[in-house]
Amino acid sequence: MTHGMRTDTHLDRLNGPRGWRDAAAHYALLPLRVFLGVTFIYASLDKLTSSSFLKSGGAGSIGDTMRAARDSAGIPALVDLALKAPVGFGYGIALGELAVGIGTLLGLLARLAALGGALISFSLWMTVSWATTPYYYGNDLAYLMAWIPLILAGAPYLSVDAAWRARRRQRSGGYS
């Protein structure tokens, strides 16, 4: 019995998509990148421009939100840690979301940005939305799952990372 070897798989992928199915597969993660990037930038700006969120107490504040979630959290120790400095934690989340969103949209250190997005989503799932029942009504778990393909694939096209790779390949004579 002989085994055939496909020789077109790698070369065609490196040179770009050939047909509409290849193009669809090639760009499949782009809508996810755009959605998560825009959503995290929006969430960040919403927090940073809110008149009540970045306060330790009061309606709509990070402090009251965390105190309300404390007893039903999956990991109450995370909430306790956040409650030591709720305003600082709020700024950390907001600035983290901004960095993740920008990195994801631009494809700048895309895997690292996606990992950051997954960690933010995981922490919010384990604290604020843990008690949501049934579990699929809570959006933080869905966001966590949405980050996984971007952690695995990064941003291989239409990205700063892809431009850097192409530049390295060009400088090294095509071997990178």
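## Aromatic rings

Ring pairs join Phe35, Phe40, Tyr143 and Trp147 into a cluster. Rings of Phe, Tyr and Trp (its six-membered ring) pair if their centres lie within 6.5 Å; planes under 30 degrees apart are stacked, over 60 edge-to-face, and the rest tilted. This is a predicted model: local features need pLDDT of at least 70, side-chain atom pairs count only at pLDDT 80 or more, and totals for chains, interfaces and linings use all residues. Residues are numbered from 1 along each chain as its sequence is written, and side-chain values use heavy atoms, with hydrogens and water left out.

The count is eight aromatic pairs. Phe40 and Tyr143 pair edge-to-face, 6.2 Å centre to centre, with 65° between the planes. Phe40 is in helix α3 (residues 30–49) and Tyr143 in helix α8 (residues 139–153), so this pair ties together parts 103 residues apart in sequence. Helices (H or I, at least four residues) are DSSP runs, numbered from the N terminus. Phe40 is buried at 6% relative accessibility. Tyr143 is buried too, at 18%. Buried means under 20% relative accessible area, exposed over 50%, and partly exposed in between (1.4 Å probe, protein chains only).

## Salt bridges

The structure holds four salt bridges. Each is a side-chain nitrogen of Lys or Arg within 4 Å of a carboxyl oxygen of Asp or Glu. Glu97 and Lys47 meet in one of them, at 3.2 Å, N to O. Glu97 belongs to helix α6 and Lys47 to helix α3, 50 residues apart. Both Glu97 and Lys47 are buried. The charged end of Lys47 also sits over the ring of Phe53, 5.8 Å from its centre. That term requires NZ of Lys or CZ of Arg within 6 Å of the ring centre and within 35 degrees of the ring normal.

Asp64 bridges to Arg67, with the closest N and O atoms 2.9 Å apart. Both lie in helix α4 (residues 62–69), three residues apart, about one turn of the helix. Arg70 and Asp80 form another bridge, at 2.8 Å between the closest N and O atoms. Arg70, Asp71 and Asp80 are linked in a network of salt bridges.

## Nonpolar patch

A nonpolar surface patch covers about 950 Å², and its residues include Val34, Ile102, Leu119 and Trp164. Helices α3, α6 (86–106) and α7 (110–127) each give two or more residues to the patch. Patch residues have over 30% relative accessible area and no salt bridge; like charges are joined within 9 Å, nonpolar side chains (Val, Leu, Ile, Met, Phe, Trp, Tyr) within 5 Å. Areas come from the Shrake-Rupley method with a 1.4 Å probe. Leu119 lies in helix α7. Leu119 is exposed, at 53% relative accessible area.
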